[in-house]
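I wrote them down in the order in which I turned to each part.

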Amino acid sequence: MVGKTGVPSKNVPRSIIFFHHKFQFNLLIRALVTSLKRVKAGVILQDKIAAFQQMLWRVCRGNIYFQFKPIETPTEDPVLNIPVYNSVFILFFQGDALNAKIKKICAGFKATIYYCPEDMAERERLREYLMVRMEDAQLVLNRTSEQNHRILLACARNLKMYFLKVLKMKSVYFTLNMCNVDVKSSYLIAQCWMPISSVSSVNKALITGTEKSGSTLPPVMSKINTTDIPPTYNPTNKFTKVFQDLIDAYGYSSYGEINPVVFTTVTFPFLFAVMFGDVGHGILLTCAGLMIWINEKRINWDKTGEDMGGVIVGGRRIKCIRFADDVALLAEEEMILRDMLLELNDNCEQYGMKINVNKTKTMIIGRKVKKVKFLILNEATEQVDSFK
């Protein structure tokens, strides 16, 4: 098909001629790479490839062969903490002079150079060794991920209990920080108001706490005469607590005044019945109330999150503010608000409702405002500085 002079015959198809020239080109490239003894390989940003390639070609005056291949998986920049895309490159050249120039060019473009043997067989052995190392590292990562998953699953079962314990510990330390310290006698001094009927129980609790902590100093409780107006305390039970919360929503009675909850307990159910005037509705509510009252001990009420969330305003803990068709959740910490939001989402799903993520906003009020991210149905809520 080819004559002695290397010219193809006229009757040879064009596809065979093209294959013949392509085969000669591959042989030429292989011979060129074999003749170039020096090899350098590394990684460079994809945005710098064009300038890097042009600089190598001009400085080396064409006496270099290089090849680039992009890396599909992005890596994180250790300085900027953003994902970046890199490319692998390999350079073939000859001579120590070009080696010194290429080192300076790679340093200028901040390319990372890796060890690459000049012998083909040695490069193949190094590649096999690295493949084995990568498989071992991947195996270790998979096992570590499985172990972390098992640990997190075990922690997730008791997460609410741990969270409640941390809140109780923080409340204890918060209360202790409100006390004054007597350095000489190593006492904690606290001033507070308490009902006269609870003096004996408080004194007993102090003695019990001293015995359990192993302290040798007995507690001392004494009455302080003051001209300040005492705060109002209204003792309630399970039945009157609902009516007391209703009264407190409008305002607190002053110290010494009559508590109107006694009258509200009688008048409110009567006025509620007058407003509706429906015997069937009243019978249904009465039956439901009786069933809950009879089976009170059997029903497993979830009280783990009862004392969680909310902010203290005027001595009251406010967890949420209800509007006509909106609800504002309040919390002092980010983790508490996350738990409240998840609980609200779970309750909505039980009744076939969904939270509108587009209308849900997050706002932080304080001296230091940081960026937070709350997810609802795998969608992030928007953080705003003001809300109307």
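**Entry 1: the chain as a whole**

I began with the contacts between residues at least 6 apart in sequence, and I noted that 49% of them join residues at least 24 apart. I remind myself that this is a predicted model, and I read every entry below with that in mind. When I looked up the secondary structure, I found 10 helices and 16 strands in the chain. I also looked up burial, and of the 388 residues in the chain, 18% are buried.

**Entry 2: a sheet of four strands**

Next I asked myself in what order the strands of the open sheet of 4 strands lie. I read the order as β2-β5-β1-β6, and the pairing is antiparallel. The edges are formed by β2 (65-70) and β6 (112-114), each of which pairs on one side only. On average, and with direction ignored, neighbouring strands of this sheet are turned by 25 degrees against each other.

I then followed the pairings of β5. Strand β1 (residues 38-45) and strand β5 (residues 86-93) run antiparallel and are joined by 8 bridges. Within this pair I looked up two positions: Ile 44 has Ser 87 as its bridge partner in β5, and Leu 45 stands opposite Asn 86 in β5. As for β2, I counted 6 bridges that join it to β5, again with the two strands running antiparallel, and here Lys 69 stands opposite Val 88 in β5.

I turned to helix α2 (residues 49-60), which lies across β1, β2 and β5 and runs at about 175 degrees to β2. Looking for the largest nonpolar core, I found one of 17 residues, in which Ile 44, Phe 52, Leu 56, Ile 64, Phe 89, Leu 91 and Ile 102 touch the most other members. Two or more residues of this core come from each of α2, β2, β5 and α3 (96-108).

I picked out Leu 56 and, leaving aside its neighbours within four places in sequence, I found it in contact with Arg 61, Ile 64, Leu 91, Ile 102 and Ile 105. There is also a second, separate core of 8 residues, and Leu 337, Leu 341, Val 357 and Ile 376 are among them.

I looked up how helix α7 (residues 241-248) and helix α8 (residues 261-276) pack, and I noted an angle of about 100 degrees, with the axes 9 Å apart. Such an angle makes α7 roughly perpendicular to α8. From α7, the residues Phe 243, Gln 244, Leu 246 and Ile 247 meet Val 261, Thr 264, Thr 265, Phe 268 and Pro 269 in α8. Sorted by class, this contact has 6 nonpolar, 3 polar and no charged residues.

Last I looked up Phe 387, which is found in the segment after β16 (382-383). Is Phe 387 buried or exposed? Its relative accessibility is 53%, and because the cut-off for exposed is over 50%, Phe 387 counts as exposed. Not counting residues up to four places away in sequence, Phe 387 touches Lys 361 and Met 363. Phe 387 and Met 363 are 24 residues apart along the chain, and their C-alpha atoms are separated by 7.9 Å.

Note on methods. Residues are numbered from 1 along each chain as its sequence is written. This is a predicted model: local features need pLDDT of at least 70, side-chain atom pairs count only at pLDDT 80 or more; totals for chains, interfaces and linings use all residues. Side-chain values use heavy atoms; hydrogens and water are left out. Two strands pair if DSSP finds at least two bridges between them. Axes are lines fitted to C-alpha atoms, for helices over the stretch in contact, and angles run from 0 to 180 degrees between N-to-C directions. Contact means heavy atoms within 4.5 Å. Angles under 35 degrees count as roughly parallel, over 145 as roughly antiparallel, 65 to 115 as roughly perpendicular and the rest as oblique. Ala, Val, Leu, Ile, Met, Phe, Trp, Tyr, Cys and Pro count as nonpolar, Asp, Glu, Lys and Arg as charged, and the others, Gly among them, as polar. A nonpolar core is a set of buried Ala, Val, Leu, Ile, Met, Phe, Trp, Tyr and Cys residues joined through side-chain atoms within 4.5 Å. Buried means under 20% relative accessible area, exposed over 50%, partly exposed in between (1.4 Å probe, protein chains only).
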